[in-house]
Amino acid sequence: MSMPSKRHVPLLLGSGKSVAVSHGKDKKVTLSLTSMIDMFTILLVFLLKSYSTDGQLVTVSDQLILPKARVEKKVELKLDIQVNNSFIVVDGDPIVAVTDDLLNSGNSIPELVTRLRDHMEYSRLTRGTLNEEDTKINIQGDVGIPAILLQRVMASCSEAGYVGQNLAVIKEEPAEGGEV
Amino acid sequence: MAKAVSGRSRTGKHLEEIDLLPIMNLFCCIIPFLLMSASFLEVVVIEMAQTEGISTSGAGATANLMRSEEDRLQPKIIITDEELFIGTVSGSAHVCYALETELNGEMIITFPWDSLTVAITEVHDILTEAYPQIEFHKITILTVEETRYDNIIQAIDIAIAAGFDQPGLQVAPTASVTSAMRGGGN
């Protein structure tokens with residue numbers, strides 16, 4: 001077996017020792033793994049802290065930016081409404097385009113009410129009965145939507161039978177020192 | 001040079017080294033798994049109390065305001081384009097003025113939220129002291145139609161932190177909110 005050239009110093013990591021042998025002289029170069037182990041340990045602790053067994057229950061659309069809040073209540077898997085300044089999306093389907101008329105008139109939004117009622121009826125048919133948990137809905141609103149749009153969406157949910165309305169937000173960690 | 005205490009080290013003996021490669025291998029397996037399972041942005045929810053609608057003309061909003069006035073002890077955070085108030089049984093009190101700031105090249109309205117934190121905590125303490133038999137959980141966020149969603153969420157978040165954990169939302173035309181304010185006293 002020929003020896004490697006000077007330029008190619010093999011790392012014999014698989015042999016049980018972190019040693020590189022240079023050609024020519026019998027000089028052994030040791031690769032110190034201690035600092036790498038240190039780094040990995042720090043990384044491991046950080047990742048263990050961020051580890052979530054729940055997974056991502058809610059898919060946040062890239063079309064909207066959720067506001068931040070310090071509340072603690074965990075999100076549950078419910079029907080999702082995403083609201084931004086262009087569209088109202090229910091369960092991934094765009095239902096209504098946000099226009100000036102929509103921001104100026106009325107209470108609930110008829111198209112949205114119809115879609116939500118259909119969904120509730122479908123749930124009733126598939127499960128046989130509905131409990132209180134089935135009447136909850138998650139609303140993801142963009143930071144920039146006006147209050148009237150949010151209010152109309154919430155009124156539509158109420159009219160369709162979704163009485164429990166949860167506003168999805170990004171959890172904001174409290175400031176150091178417990179500042180409120 | 002101090003002599004080794006154990007007596008095992010003798011001149012000419014080689015140093016034992018811990019083999020770190022199995023640990024490295026373990027880390028290389030664990031870290032990608034944890035990276036996939038980690039959630040860096042946690043989505044949480046704010047549970048809202050039942051909302052009430054308004055009509056085009058604003059008449060419904062006025063009716064809603066009147067109804068909310070019937071629930072005398074329930075405080076309200078009132079957000080307008082220019083000011084922020086807290087409405088209580090004894091009337092409404094000015095909290096702070098709106099600030100105009102630039103965000104992504106767009107001028108937006110925000111508020112100095114520390115003022116609201118102080119005021120709402122004070123209101124909660126006063127109510128709890130005056131009516132010890134009542135547990136105060138409900139609060140109404142009464143706002144004009146143009147208020148940004150992040151301002152509403154900020155107000156709700158502060159109210160929840162102060163102990164009002166059942167927030168409701170009412171939206172009314174500016175004129176209705178203003179008239180409600182005028183009728184509220186100081």
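This is a predicted model: local features need pLDDT of at least 70, side-chain atom pairs count only at pLDDT 80 or more; totals for chains, interfaces and linings use all residues.
**Entry 1: a helix pair in chain B**

Residues are numbered from 1 along each chain as its sequence is written, chains are lettered from A and ligands numbered from 1 in the order in which they are written, and side-chain values use heavy atoms, with hydrogens and water left out.

Helix α3 of chain B covers residues 113-130 and helix α4 of chain B covers residues 149-162; their axes come within 9 Å and cross at roughly 40°. The axes are lines fitted to C-alpha atoms over the stretch in contact, and angles run from 0 to 180 degrees between N-to-C directions.

I then listed the contact (heavy atoms within 4.5 Å). From α3(B) come B:W113, B:L116, B:T117, B:I120, B:T121 and B:H124, and from α4(B) come B:N151, B:Q154, B:A155, B:I158 and B:A162. Sorted by class, this contact holds 6 nonpolar, 5 polar and no charged residues. Ala, Val, Leu, Ile, Met, Phe, Trp, Tyr, Cys and Pro count as nonpolar, Asp, Glu, Lys and Arg as charged, and the others, Gly among them, as polar.

**Entry 2: chain B overall**

I found 5 helices and 8 strands in chain B, taken as DSSP runs (helices H or I, at least four residues; strands E, at least two). From the N terminus on, the order is α-β-α-β-β-β-β-β-α-β-α-β-α. Of the 186 residues in chain B, 41% are buried (under 20% relative accessible area, with exposed over 50% and partly exposed in between, 1.4 Å probe, protein chains only). Among contacts in chain B with a separation of 6 or more, 68% join residues 24 or more positions apart.

**Entry 3: aromatic rings**

I searched the whole structure and got 3 aromatic pairs over all chains. One of them is B:Y131 with B:F136, edge-to-face at 6.3 Å centre to centre and 65° between the planes. Rings pair if their centres lie within 6.5 Å; planes under 30 degrees apart count as stacked, over 60 as edge-to-face and the rest as tilted. B:Y131 is partly exposed at 28% relative accessibility, whereas B:F136 is buried at 9%.

**Entry 4: a glycine in chain A**

I looked up A:G164, which lies in strand β8 (residues 164-171) of chain A. A:G164 is buried, because its relative accessibility is 16%. Leaving out residues up to four places away in sequence, A:G164 touches A:T135, A:K136 and A:I137.

Definitions and conventions. Rings of Phe, Tyr and Trp (its six-membered ring) pair if their centres lie within 6.5 Å; planes under 30 degrees apart count as stacked, over 60 as edge-to-face and the rest as tilted.
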